[in-house]
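Please view the sequence and the model before reading on.

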Amino acid sequence: MTSFDSASKAYDAIVIGAGHNGLAAAAKLGASGRKVLVLEAANEPGGAMRGREFAPGFRSAGLAHLINRLDPDVTRDLGIRLTSSTAMPTSVLDGDKQPVVLHGAYGDSIDGVSADEAAAFIRMRDKLIFQAGILKRFLRRASPQLGAIGMADLATFASAGFGLIRKGRGEGRDFLRMMLMNVADVADEYLEHDRLKALVAFDATLGIHLGPRSPTSLLGLYYRLTGEVAGRAGGQFIPEGGMSAVAPAFIKAAEKAGVIIRCGTSVGRIVADRGRASGVILADGQEIAAPVIVAAVHPQTAFLQLVDPAESGTGFTRSLRNLRTAGNVAKLDVALDRIPSFLNLRPSDHAGRIVLARSMEQVERAFNPAKYGEFSTDPVMEIVLPSLADASLAPSGACTLSALVQYAPHKLKMGWEASKPLFLKIILDTLERHAPGISKSIVAAHLSTPADIEADYNLPGGHWHHGELQADQLLINRPTGAASGYTTPIEGLYLASAGAHPGGGISGLPGWNAARHILSGARP
Amino acid sequence: MVIPTTLDPTMASPGKHFMSCFVQYCPPKVEGRDWTDADRDAFAETVIKQIAEYSPGFRDRIVHMEVRTPREIENEVGLTEGNIFQGELTFDQLLFNRPVPGYAQYRSPIDGLYICGSSTHPGGGVMGAPGRNAAAEILRDLKRPNELMSKAHDVI
Amino acid sequence: MNAMTPPLNATDGRRAARSHIETPRLETPFHARLIALSETNDWYSWSGYKAPHKLFDEELEYFAIRSTAALFDISPMVKYRISGPDAERYLNRLTLRDVRKLGINRVHYTAWCDDHGHVLDDGTLFRLGEDTFRLCCQERHLPWLLDSAFGFSVDIHEETEEIAGLALQGPTSCATLLAAGFSGVERLKPFDIASFPHEAGTVTISRTGFTSDLGYELFVSRALALSLWDRLWQAGKLHGIRAIGYAALNTARIEAGFIVANTDFITAEAALRADRVRMPDEIGLDWLVDPEKPNFNGRKAILEARRNQTLKHILVGLEIEGNIPAEHAIVYHGKKREAGLVTAAIWSPTAKRNIAIATLDRPYGVKFNDDLWVEIYALRELRYQKMMKRARIVPRPFVKLARRTLTPPGTF
Ligand SMILES: Cc1cc2nc3c(=O)[nH]c(=O)nc-3n(C[C@H](O)[C@H](O)[C@H](O)COP(=O)(O)OP(=O)(O)OC[C@H]3O[C@@H](n4cnc5c(N)ncnc54)[C@H](O)[C@@H]3O)c2cc1C
């Protein structure tokens with residue numbers, strides 16, 4: 001890497017995008033003594049966790065409404081403290097029968113199913129967590145590079161291998177059998193209960209363009225189970241102070257490391273000449289030089305908008321244009337004049353995660369229209385009541401509800417403009433079925449489709465992971481072969497957003513890994 | 001759809017033709033229950049109707065017709081659930097997992113009994129590879145040389 | 001992109017879509033003249049077009065190139081018109097040479113690579129105006145050219161069918177053109193382009209060719225093709241004009257040392273086997289690579305391969321003892337170790353030498369240049385005569401003629 005300490009350069013590194021990954025990268029670089037500038041197009045940092053007032057007196061804390069994969073190594077290293085005293089339960093409702101409630105980390109105990117069924121779930125969960133643990137070894141490192149497998153990669157492979165052998169041949173064999181299966185077949189192997197199956201089907205496919213019966217859909221569940229809360233895989237929480245506390249924690253870490261964050265500063269161009277990046281040009285024409293440019297934005301933004309296409313190879317541009325990155329999740333923020341009451345759900349469980357999904361088949365059928373550019377008329381969703389954890393989000397006595405709704409394709413055949421009111425009505429009707437009376441307490445409802453998310457968050461496709469998290473876009477192919485492992489075909493330009501390995505969600509890993517990779521001085 | 005008699009007229013009496021259709025998707029069970037003759041005939045009717053849309057008058061040219069749903073295929077040639085590949089060609093049933101983990105080497109739990117159908121690696125289709133591979137394994141077990149087995153390709 | 005006229009109805013559409021079955025080989029705009037002249041009825045398929053392998057006599061056709069004027073139909077050559085405000089920038093990213101240095105009404109030979117620096121094709125780039133170019137090549141590349149256009153304001157149009165092309169090569173080619181009324185053509189220097197009126201349209205004439213001889217290439221719209229042929233034919237009568245087929249041209253191009261895609265190297269898109277692709281430096285095109293110009297496809301990979309010395313092959317000209325062409329012969333070092341393969345070979349009628357173009361595996365051809373041999377199998381009445389012949393690396397072209405570059409050309 002070019003020397004960081006040359007005095008003539010004002011900045012050693014410029015990070016584009018102040019999402020949590022950009023901030024994590026900046027904090028890590030800053031902590032090593034580098035002079036780092038973060039440039040953010042929006043008027044506030046935080047990326048997808050940028051909050052806003054969506055109705056007078058009611059705030060949304062951003063797109064993400066809970067944490068399930070914030071990496072403990074990242075937070076420890078950057079001195080970020082985001083904790084919670086209570087683990088959130090997950091309740092699965094079908095609008096009719098008693099809810100199924102999972103407590104602890106992904107169902108340590110389960111209410112609403114037979115003891116046998118709960119035991120079967122634990123068996124399946126433990127197996128999947130074990131298997132996810134093998135994949136997890138790859139998350140905290142740059143993905144191995146084809147043709148340049150290093151000692152550390154071998155060590156990771158070896159430890160993954162040992163991990164398998166330790167459990168015996170049968171486990172290894174089962175992992176290789178199951179790895180690319182669909183979640184529905186796995187659920188059918190272990191479970192009987194409709195809503196337990198519905199839950200794993202939902203969790204495996206949330207944010208991904210797959211139905212439970214689509215090949216390889218189990219990968220989504222593995223990914224979820226690589227996340228941990230308080231050392232336990234599969235849990236989730238909202239930190240003290242709510243989700244609004246997450247972005248500031250990252251910002252603080254960056255600022256403590258001496259990072260300068262400039263908001264309302266859209267980058268218009270990454271300056272590169274014959275394969276070497278040297279700075280950025282802002283939308284207003286100002287040029288800022290730096291030997292290291294970290295693009296913590298969607299890979300398509302970086303290479304199809306910010307870098308002059310003449311600086312990329314045709315094949316590389318082609319692979320980025322072919323990136324599958326059409327979002328599927330809509331985000332609903334609802335302002336309520338009181339705390340809602342979901343059918344048969346204990347009050348304490350309202351502070352948890354509520355999943356509306358009757359059966360695996362419902363999840364599958366909700367996916368079908370999305371294949372053809374239509375939204376689900378019987379959608380499945382994950383609900384959180386954010387103001388219960390962060391009273392500042394709503395006036396006293398009132399409440400906010402956040403729902404992540406599947407499936408809402410980015411490119412709707414009928415066009416979102418015309419169809420959004422209908423989709424909103426379908427979602428609100430669904431809410432009413434599960435929480436009778438809720439309609440009457442609605443003060444305002446704000447629905448963001450992937451198209452809205454694309455526009456509001458500078459996020460091509462409005463995709464959860466900045467690009468499908470599927471077998472063809474993982475590891476050495478994330479986001480695409482020539483730009484995997486944080487380096488890119490352009491020297492001095494690095495990728496550090498959810499579009500890079502290991503993927504999306506509030507984990508901090510892509511940014512932190514990218515910074516570590518830069519600091520290691522590894523040649524591109 | 002293929003009409004083999006356009007290449008080999010001896011398959012049918014002079015002036016007549018033989019046509020064969022593979023139709024996707026046809027599950028082994030209909031809404032969870034077994035196929036009935038009525039289901040089969042109704043399905044055939046759907047197919048004929050669709051072909052006739054592309055080939056007007058098609059229906060009137062039919063002299064004789066046989067319809068095989070997965071039920072008939074299972075009954076006639078013993079293919080379980082009428083799966084023409086003897087098991088889905090999905091990753092969990094490929095390579096070292098074909099047909100099931102632990103028995104992917106053409107040997108069965110019973111000594112001397114070998115498997116070499118499409119259900120074994122590398123799978124279905126008129127290919128011959130599972131049989132050839134199984135023969136190689138059998139020769140290995142018999143401690144007999146296999147250099148007499150011809151190579152599939154001398155040059156690739 | 002070429003617009004397609006929508007079919008009238010579904011049946012017509014289906015019929016139209018299969019018309020290619022009834023026309024296995026397309027005819028070029030000059031077919032009527034070629035078929036009238038063909039005494040041997042010896043045709044081959046050139047990119048799907050019916051093209052003459054020879055018309056009357058391979059050797060006499062060859063000597064038309066070297067002694068009088070040879071008329072060769074190059075219409076099947078793939079042609080793209082590239083225009084728009086970003087055309088120069090676009091082509092500079094696409095191809096190896098610096099297009100900024102290519103003047104208006106000039107042609108240069110160039111090549112283009114994929115991201116890995118593997119050659120996709122070579123060809124000639126004509127600059128017809130500030131923002132208008134024509135790219136001529138052997139293989140089709142529309143998808144690649146269109147994908148490369150992302151982010152550029154440029155229009156890419158395949159004009160292979162619309163534009164007819166003729167090569168007129170040989171010592172009396174200039175005299176023929178002058179006799180045909182193209183006065184001023186004598187002022188064209190090698191790689192110059194000029195336009196001349198022809199009938200109601202124009203003909204574009206460039207001083208280019210594939211023969212290493214004095215020669216020109218002419219492009220007209222398809223409708224004017226036959227009248228242009230007739231005009232040249234009439235004018236060339238007293239200058240010994242002959243129509244020729246590919247066999248004769250191929251002899252001349254080997255003498256000139258030119259390579260042909262998918263004959264002397266496998267293009268990156270045609271290669272099925274991973275080790276068959278080639279970098280420019282591996283097929284004698286290193287001189288096209290311009291590291292000083294702005295970024296271009298394959299730049300990083302090519303420079304890295306040079307730096308890390310990972311280039312595996314080299315293309316050389318060989319002179320082989322004896323007079324039996326060593327076509328597709330294996331090249332040996334010290335008569336034992338395989339060192340490469342001959343991709344084209346002839347007894348050169350003009351150089352009076354046994355010459356060949358070969359690809360060697362480095363370090364042969366780089367470090368070990370001596371003690372090279374080729375093993376020739378000459379099949380004579382069902383028996384192979386095997387010969388081990390000494391081969392010497394020699395510079396290309398094998399034939400260098402002063403008249404190729406002399407301006408104005410001599411009047412023969
Ligand atoms: C609807 C939805 C719900 C989600 N819910 C959850 C959840 O509950 N839990 C969870 O863990 N994850 C959730 N996610 C995923 C998570 O939000 C993302 O994966 C994560 O935010 C990615 O972080 P990032 O830093 O890589 O990118 P981002 O957060 O997208 O940040 C990128 C930043 O770059 C800026 N930018 C873009 N272009 C430019 C430019 N030219 N110049 C300057 N700045 C620019 C953008 O404005 C943005 O601030 C959700 C995602 C979506 C879409």
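The points below concern a helix pair and a strand residue.

This is a predicted model, in which local features need pLDDT of at least 70 and side-chain atom pairs count only at pLDDT 80 or more, whereas totals for chains, interfaces and linings use all residues. Residues are numbered from 1 along each chain as its sequence is written, chains are lettered from A in the order in which they are written, and side-chain values use heavy atoms, without hydrogens and water.

**Helices α3(A) and α6(A)**

- The axes of helix α3 (residues 115-136) and helix α6 (residues 183-190) of chain A come within 9 Å and cross at roughly 135°.
- Axes are lines fitted to C-alpha atoms, for helices over the stretch in contact, and angles run from 0 to 180 degrees between N-to-C directions.
- Ala120(A), Arg123(A), Met124(A) and Lys127(A) of α3(A) meet Val186(A), Ala187(A) and Tyr190(A) of α6(A), contact meaning heavy atoms within 4.5 Å.

**Buried residues of α6(A)**

- Val183(A), Ala184(A), Val186(A) and Ala187(A) are the buried residues of α6(A), buried meaning under 20% relative accessible area with a 1.4 Å probe, protein chains only.
- They span an arc of only 160° around the axis, which puts them on the same side of α6(A).
- Their packing partners in chain A include α3, α5 (169-178) and α12 (360-371).

**Phe58(A)**

- Phe58(A) lies in strand β4 (residues 58-60) of chain A and is buried, with a relative accessible area of 4%.
- Phe58(A) and Pro395(A) are 337 residues apart in sequence and 7.0 Å apart in space, C-alpha to C-alpha.

How values were computed: Helix = DSSP H or I, 4+ residues; strand = E, 2+ residues; numbered from the N terminus. Buried < 20%, exposed > 50% of the residue type's maximum accessible area, 1.4 Å probe, protein only. Arc of directions from axis to C-beta.
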